[in-house]
Amino acid sequence: TRAKFAEALILVSNLRMPMLEYYATHNEWPTDFSDINISGDSLTHSGLIDSIELRSGGALHANLSEGTFGPGNHFQLAPDGDTENSMAIDWLCRTNLDKSLWTGSCVAY
């Protein structure tokens, strides 16, 4: 399950670059995935991610597959850093998964 969480994290992490490019161009975070030319249908992955939401401030909220991770589990990647230099923005990962399944630098909600 830990490897599946790492895979889900990579899939969502791939959205960071188009998000940063949009921010660099418009000086604000996209409010919809269509702003970064991403189809909502392409954001699910069987057994890993049931849905991804774009929240305020550029946060990417992924609802994890209930069949793999159990009910109500999710993680969020949110921009955290110097918005004057969009390429210097770090991404903070937060999750409600059991700590034994964490990967990378995710922390608890």
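Asn27 lies in the loop that runs between α2 and β1. In this predicted model, the phi angle of Asn27 is near 60 degrees, a positive value in a residue other than glycine. Most residues other than glycine have a negative phi. With a relative accessible area of 59%, Asn27 is exposed, because the cut-off for that class is over 50%.

Asn37 is also placed in the loop between α2 and β1. Its phi is near 60 degrees, again a positive value in a non-glycine residue. The relative accessible area of Asn37 is 72%, so this residue is exposed.

## Aromatic pairs

The model contains 3 aromatic pairs. One of them joins Tyr23 and Trp29, whose ring centres are 4.5 Å apart with 35 degrees between the planes, a tilted arrangement. Tyr23 and Trp29 are both buried.

A further pair is formed by Trp29 and Trp91: the centres are 5.9 Å apart and the planes stand at 75 degrees, so the pair is edge-to-face, as an angle over 60 degrees requires.

## Ring cluster

Through ring pairs, Tyr23, Trp29 and Trp91 are linked into a cluster. Trp29 takes part in the tilted pair with Tyr23 and in the edge-to-face pair with Trp91.

Conventions: Residues numbered from 1 in each chain as written. Predicted model: local features only at pLDDT ≥ 70, side-chain atom pairs only at ≥ 80, totals over all residues. Heavy atoms only, no water. Phe/Tyr/Trp six-rings, centres within 6.5 Å; stacked < 30°, edge-to-face > 60°. Buried < 20%, exposed > 50% of the residue type's maximum accessible area, 1.4 Å probe, protein only. Helix = DSSP H or I, 4+ residues; strand = E, 2+ residues; numbered from the N terminus.
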